[in-house]
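Welcome! Please open the model in your viewer and keep the selection tool at hand, and we will walk through it stop by stop.

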Amino acid sequence: MNNPWHLYLMATIYVIAGIMHFIKPKIYMRIMPKYLPNHKLLVILSGFAEIILGLALCFDKTRILAIYGIIAMLLVFLLVHFYMLSSEKASAGIPKWILILRLPLQLVLMAWAYYYI
């Protein structure tokens, strides 16, 4: 398969999202479910995961593994999305309708990644 521009767009989105975990870690720590341990470590690990998986999309030898990694990561991130719906405090001030729209967006992002298999 030729590498279409939208594959690189997706890679760029994940790399930027991962970098944001290091630039604005407090935002991510605020939305972490209380039942998960060591929020700072999890924010760092998820940031590294997004950067590595985004970069891995750009190479033929690592693309399939990156796609499955992205899908798995997005499934895990659903924990955060559902947690944010659990209370006003957990929502971090984001309107409930946006939080609800994020749930199917996760499925769209998974389908977008799966498209490249």
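**Stop one: a covered helix**

Covering here rests on contact, meaning heavy atoms within 4.5 Å. Helices are DSSP runs (H or I, at least four residues), numbered from the N terminus. Before you go on, note that this is a predicted model, in which local features need pLDDT of at least 70 and side-chain atom pairs count only at pLDDT 80 or more, while totals for chains, interfaces and linings use all residues. Residues are numbered from 1 along each chain as its sequence is written, and side-chain values use heavy atoms, leaving out hydrogens and water.

Now colour the buried residues of α3, among them H39, V43, E50 and I51. Buried means under 20% relative accessible area, exposed over 50%, and partly exposed in between (1.4 Å probe, protein chains only).

**Stop two: a pair of charges**

Next, select D60 and R63, whose side chains meet in a salt bridge at 2.9 Å, N to O. The term means a side-chain nitrogen of Lys or Arg within 4 Å of a carboxyl oxygen of Asp or Glu. A search of the whole structure finds 1 salt bridge.

**Stop three: along α5**

Move to R102 in helix α5 (residues 96-114). R102 is buried yet has no salt bridge, and the nearest side chain of opposite charge, E50, is 9.9 Å away. Lys and Arg count as positive here and Asp and Glu as negative, with His and the chain ends not counted. Leaving aside residues up to four places away in sequence, R102 touches H81, M84 and I94.

**Stop four: two loops**

Finish with the backbone. Most residues other than glycine have a negative phi. Select N38, in the loop between α2 and α3: its phi is positive, about 45°, although N38 is not a glycine. Then pick A92, in the loop between α4 and α5, where phi is also positive, near 55°. A92 is partly exposed, at 22% relative accessibility.
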